[in-house]
Amino acid sequence: MFGQRLNRETAGPNQSEQRWTCVAKQIFSKEPFNGDYSRMQPKRIVITSDLLRVTAEKTSRKGFATNTNLFAAILTPQISAATRLPVTILEWDDASPFDGKAVYDAFGLEANAGSWARIFAADATDIVCALFLPHVENSLVIGFEISPLLQKVLNRLDIPFVDMRWHPLRFLDDIFFGFSSNRSELSAAIAPYALSCQEVDFHVGLHKATAIRRSAFKTRGRSCDTLIVGQTPFDASLINDERIATLLDHKDRIAELAKTGSVAFRPHPFSPHPSPALAAFLEDHGIAHVDSDIDMYELLCDDSLQRVVGLSSGTLDEATFFGLSVTRFIPQRFRYLPHVMDAFQTDNESLVYTGIYHAFLNVDFWADILRSTLERTWPNGNPIPFKSDRLRHVNGAYWGLLNTGGTNLVMSYNTPE
């Protein structure tokens, strides 16, 4: 099982769209499922992502498909060993049977970045469910940042899923994932593995200690009381009101901040150069530019800093643990546990992800959390020892933590088009 080669998704015959629409209507006309999953145990594992995500033309899917394949390579050995079920990838590219363009056609849209934002959290219609049905039936889906639309599709088709997203707290000894599921028994099994606030606070203390120690040996840089953080130009967390938000949508609020104190802007390390329009706006309002090569956690430990502002950056989640005030310009679509008390508000539009640190690299973790959903699982009692920066180096993503010696590997879609 550990040595098996991961296969592309090929399950499901090539039935016509019309037939699958009829099948879907038959399924959806039935009474709601009564919760007895024993008669619907999955026969296979499907690993997928936000496979409808495009930046321009469909060919630009390649960048995100790379992330999906990386995710699958990390987890397939453990999942395969724990479940002893076939594991396949469901993607949308020239080699796969899934037709993402047909989904966009069902919404009457072209496949481009603007349309992706419009359908990201759309309702799962009969025809859209029918297009996914042959690719996910009889499966348990393990997702890498799957969209709310796909989650709704899986819910309507009564397909269990575990979705994973890179967790925004990236200043611990390694990066890790947040977990969410549409099955209560899966969520209950995941909960005991949750990262605690105390573990996070320990690492906050280490960063503060580092800042104190370093301050004795170097000249202090320019300080500010408000830090505006930039993001990459193309990210799911930026979707608001069916469009991709930008800082320039909130010029009035930023201009007001500039009147009340010292304000600086730090771009995202993956997109270190603000667009010409944003750069001109910041200069016009006297907002200083902080080089993205400066360690973010050194900035968050600066005693002068009082507030961190942004659209929906993960740095805002991090800043709360450093005791800083946070201003979000758009609602938080994905919320993460653990959270600082009083910094977490839930609503019906937010998807909540539980942070799990390192445990998911073990076969026993998957055997444990999937036991309630599968006929049987196979723990091996052989945990993987913790190693700092393991996934940072694999992913080539260091975000604001620059003391690891690594270099960020940046996908082309992070560059404004």
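These notebook entries record what I looked up in the structure above.

**Basis.** I worked from a predicted model, in which local features need pLDDT of at least 70 and side-chain atom pairs count only at pLDDT 80 or more, while totals for chains, interfaces and linings use all residues. Residues are numbered from 1 along each chain as its sequence is written, and side-chain values use heavy atoms, with hydrogens and water left out.

**Strand β2.** I began with strand β2, residues 44-49; helices (H or I, at least four residues) and strands (E, at least two) are DSSP runs, numbered from the N terminus. I took buried to mean under 20% relative accessible area, exposed over 50%, and partly exposed in between (1.4 Å probe, protein chains only). Six of the six residues of β2 are buried, so the strand is largely enclosed by the rest of the structure. I checked both faces: Arg44, Val46 and Thr48 cover one side, and Ile45, Ile47 and Ser49 the other.

**Partners of β2.** I counted two strands as paired if DSSP finds at least two bridges between them. β2 pairs with strand β4 (residues 139-144) in the parallel sense, over six bridges. Strand β3 (residues 87-89) also runs parallel to β2, joined by three bridges. Val46 has Thr88 as its bridge partner in β3.

**Thr48.** Which residue of β4 is the bridge partner of Thr48? I found Gly143. Thr48 has a relative accessible area of 2% and is therefore buried. For contacts I used heavy atoms within 4.5 Å. Not counting residues up to four places away in sequence, Thr48 touches Thr68, Leu90, Val141, Ile142, Gly143, Phe144, Ile146 and Leu150.

**Nonpolar cores.** A nonpolar core is a set of buried Ala, Val, Leu, Ile, Met, Phe, Trp, Tyr and Cys residues joined through side-chain atoms within 4.5 Å. The largest has 67 residues, of which Ile142, Phe179, Phe360 and Trp366 touch the most other members. Helix α2 (residues 61-83) gives the most to this core, with eight residues. I then listed the contacts of Trp366, leaving aside neighbours within four places in sequence: Leu75, Gln78, Ile79, Ala82, Ile142, Met164, Phe179 and Phe360. A second, separate core of 57 residues includes Cys129, Phe132, Leu311 and Tyr353.

**Helix α5.** Is helix α5 (residues 126-136) largely enclosed or open? I found nine of its 11 residues buried, so α5 is largely enclosed by the rest of the structure. Among the buried residues of α5 are Cys129 and Phe132. After α5 comes Asn138, whose phi is positive, near 60°.
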